[in-house]
Amino acid sequence: MTPLSSQATPLDTGWDIEQKEVLNALGRRQGIDRWFSWLALLAVVFSLFVLVVLLVDVLIDGVPVLNWNFFTSFPSRRPAEAGIISALVGTIWVMVLVALFTFPIGVGAGIFLEEFVPDSWLARAIEINISNLAGVPSIIYGLLGLQVFVRILFPITQGRSVLSGALTLALLVLPIVIIATRESLRSIPSSLRQAGFALGATRWQVVRSHVFPLALPGILTGVILALSRAIGETAPLITIGALTYIPFLPDLSLRGLQSPFTVLPIQIYNWVSRPQADFHALAAGAIIVLMVILLLMNATAIYLRNRFQK
Amino acid sequence: MTTNSLPPDPNNLWQPSRGLNKWVERAVIWLFGLFAIISVATTVGIVLSLLFETIEFFQVVSLWNFLTDRQWTPLFSNPQYGILVLLSATFLTSLIALLVAVPLGLLSAIYLSEYASPKLRKWLKPALEILAGVPTVVYGYFALLLVTPFLQLFIPQLGGFNALSAGIVMGIAITPLIASLSEDAIYAVPSALRDGSYALGLTKRETIFGVVLPAALSGIVASIILAVSRAVGETMIVALAAGLNPRLGLNPFVPVMTMTAYIVQVSLGDTPAGSIAFQSIFAVGMTLFLLTLIFNIISFWFVRKFRETYE
């Protein structure tokens, strides 16, 4: 045992030195840690700061133009007389039409994939297809709409009409509704379906009377989010040729579906791209209106999600 | 009660109308199946509508010239269609956007999943979602009328339209995408891995860099590739703030024209269908579609190949 104890003394001193180094290093390491946590916090704060700057800038520029005339006037060459009535009405038209198209089709497709053919090759193929579609730039949908809705279906849509625009945007947001429907249906416990089947109900009866009503809040949340995406889109509508100067409102009839249209994002784009500062203020005013609509829709979606989440 | 012991006559009992139910069931399956097919038809429609006009375009302009010409002058009497010009602008704006969005998005994701208390996280996530929900035309306004004048204070030679401010604002716009998807990936790393790392004496930051980020790497890389795909297809910010000057090169201070901005420019003009300018937007659209498709496939493949699974 003597060799070991003789070696113990140099080992001890060595240990002391190392302990100091370790402690010093630990201080340094924890210092870096602290810096890093501040840096990460800074990243979040910076993103939110940009959001606040954006909102404040738009409010400062846009609030002065918000008056009754602004909401009831058509666009004009003279900034003082210009308003957003045709863009606002166009946005409402597009929103209603997109809702009418995407709700039945998206929910139907979601129910089909989740309730009728789960775990089939068809469901998997469509799932891959949908995730691919979600990655396609929105302007490409505009090119699709230009070919299919504006040109091929001209007899029905009359070209660059509000119907063509709504159909294009409906295709763009359809994947969002399908995915939301599937996720909402998936969260309904299967015991509910089993109970229905045990009573002799068909699959459709179970879905219609029990599963669908319970899944509805989740589905509606998805639909609202899809609609808020649709009314903020600009590029596809420019591509299908929505006009920027619309001095009339579409009729509230089937003929109205075929009339030319404009929407808030296109009006904003038009005003921002002009050199005069007066038009930039109008753009800021229109942005406020658009953002308020979007915020209201998102608040509704959050309310629905919280109200019915159990 | 003895009189009731006989079984009732089946013909007198109420019977569900099985025939009708079966018919409704079949009709619903067919109708909803048709709805589901619409999403496939959309993909087919996109490919076909791009393909037809692109083929027409390449009967006039050779593919070789399209890929190698160094000028984009569709309106000149001797038009040249060198896609490299538009590609260089798209590359430049996307690169600037990523230089902003990757550090911001990743750090935000790390903060949200590793540092923020659950209560704070509950507030911060929706706030970032608002940033993601701002329409891109609003970001365009912001880039052109606020960020460019601000940057001009420091860079006097910066043009009124430039790739720099468009790229920076686009980076802000895609930061929530990277933050949200990366946060999902980081959050999914089991805490046992972190505990093991702490037990070995590593600090929190060392654990994040040495253990958590490598474990979440596939999800993080996938989120970045998706962000690239988004940046390449982004339209309104670049159409408003980057300018409409087709120019080959990577100078961020001058106006450039991206692929998406070209499509917007032609669409705003009154270009007759069947003209070469009309066909050219489909050729550019096809290039854009293929580019984003490649990025999406790489992202999909990367997740599959490098995903770490934990039991």
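A residue counts as buried under 20% relative accessible area and as exposed over 50%, with partly exposed in between; the legends below use these terms for a predicted model.

**View 1. Lys125(B) and Glu183(B) meet through their side chains in a salt bridge.** The N to O distance is 2.8 Å, and the pair links distant parts of the chain, with Lys125(B) in helix H4 (residues 118–133) of chain B and Glu183(B) in helix H6 (residues 163–187) of chain B, 58 residues apart. Because its relative accessibility is 21%, Lys125(B) counts as partly exposed, whereas Glu183(B) is buried, with a relative accessible area of 1%.

**View 2. A salt bridge between Asp33(A) and Arg205(B) is shown at 3.5 Å, N to O.** Asp33(A) belongs to helix H1 (residues 2–62) of chain A and Arg205(B) to helix H8 (residues 204–215) of chain B, so the pair joins two chains. Asp33(A) is buried at a relative accessible area of 11%, and Arg205(B) is likewise buried, at 18%.

**View 3. Helix H3 of chain B contains a kink of about 25 degrees at Ala101(B).** The kink lies shortly before the proline Pro103(B). At 1.5 Å a residue, the 33 residues of this helix (residues 83–115) should span 48 Å, which agrees with the 45 Å between its end C-alpha atoms. Of these 33 residues, 25 are buried, and H3(B) is thus mostly covered.

**View 4. The side chains of Glu114(B) and Arg194(B) form a salt bridge of 2.8 Å, N to O.** Glu114(B) in helix H3 of chain B and Arg194(B) in helix H7 (residues 191–199) of chain B are 80 residues apart, and both are buried.

Conventions. Residues are numbered from 1 along each chain as its sequence is written. Chains are lettered from A and ligands numbered from 1 in the order in which they are written. This is a predicted model: local features need pLDDT of at least 70, side-chain atom pairs count only at pLDDT 80 or more; totals for chains, interfaces and linings use all residues. Side-chain values use heavy atoms; hydrogens and water are left out. Helices (H or I, at least four residues) and strands (E, at least two) are DSSP runs, numbered from the N terminus. The expected span of a helix is 1.5 Å times one less than its number of residues. The bend at a residue is the angle between axes fitted to the seven residues ending there and the seven starting there. Buried means under 20% relative accessible area, exposed over 50%, partly exposed in between (1.4 Å probe, protein chains only). A salt bridge is a side-chain nitrogen of Lys or Arg within 4 Å of a carboxyl oxygen of Asp or Glu.
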